[in-house]
Amino acid sequence: MIVITAPTGQIGHQVLDRLLDAGRPVRVIARDPSRLSSRARGGAEVVRGSHRDPDVLMEAFTGADSLLWLVPPNPRAEDIEEHYLGFTRPACEALKTHGVQRVVGVTSLGRAYAGHAGLLSPAFAMDAMIGSTGVSYRALAMPYFMENLLNQLEAIGNQGVFRTANSAGRPLATVATRDIAAAAADLLLDGSWTGHGTVPVIGPDELSPQAMAEVLSEELGRPVRCEQMSLDAYRATMKRYGMTEAWAQGLVDMAAAQNDGIYDAERHALTKPAPTGFRQWCQEVLRPAALAC
């Protein structure tokens, strides 16, 4: 039995589809099962509730061999580290109680970074906590998600601009969520691996946000520019969206770490990039989404 957390999220639902395609027994933890696809509701066992709830986790992990672990974002959290670890503590207890053998976690690149990395740093603490249980663990280490741009479709379409706190002229490692899902599913379907390891999942490009804007312009057939925000302006914008001070500061500190090269060492050491390049992603994901708006 494979357990999937966050099965309606942008990564979890794609992993779930791949596991159902493979015909493997799957159990999902869903706060609102009505958000699952009809295929998922019919093909997977559903445990209703939050995967922060110890009782839900104890039920879901019964008889499980493998687990996909994702901590969902919560922009209203007052303490970002406690947000991550508040989910992970009861999961670790349930892992030990039920003898789950393998966990695939979604985390970040940059573990060796010397400074504080905002929302990325609690993910590293999560990895360490899961690893301390003795379970075999693979940490899927991610850079910037291409899908983040989908949050700015209206501005891209109507104003010809996307805004970022990342340095406009500095290459930024990126990844498509479908490549994360593929890597996660491959690991969950493979019952042979043991021990601990980090698996970087990074796209093949080395594009700056300015270069991404050029690709967007070409693929959408109209000018798109990148507008770099100051970190202070970024913080203020996130707070206007209703985020707590802690979450907004976490985003600011993450952007500062990205601008400081937190992803660079692992990006440069990569020998086998994930398959989806930024232009392909624009053609197959962003452009259809933009046309549908």
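View 1. The chain exposes about 12,800 Å², of which carbon and sulfur atoms supply 49%; accessible areas follow the Shrake-Rupley method with a 1.4 Å probe. The model is predicted: local features need pLDDT of at least 70 and side-chain atom pairs pLDDT 80 or more, while totals for chains, interfaces and linings use all residues. Residues are numbered from 1 along each chain as its sequence is written, and side-chain values use heavy atoms, with hydrogens and water left out.

**View 2. Overall dimensions.** The C-alpha atoms of the chain fill a box of roughly 55 × 40 × 40 Å, taken along the principal axes. The chain holds 12 helices and 11 strands, which are DSSP runs (helices H or I, at least four residues; strands E, at least two) numbered from the N terminus. Of its 293 residues, 54% count as buried, that is, under 20% relative accessible area with a 1.4 Å probe and protein chains only.

**View 3. The largest nonpolar core.** This core has 44 residues, and those with the most contacts inside it include Phe162, Leu216 and Trp281. A nonpolar core is a set of buried Ala, Val, Leu, Ile, Met, Phe, Trp, Tyr and Cys residues joined through side-chain atoms within 4.5 Å. Helix α10 gives the most to this core, with seven residues.

**View 4. Surroundings of Leu251.** Leu251 touches Leu119, Tyr234, Met238 and Met243, not counting residues up to four places away in sequence; contact means heavy atoms within 4.5 Å.

Note on methods. Buried means under 20% relative accessible area, exposed over 50%, partly exposed in between (1.4 Å probe, protein chains only).
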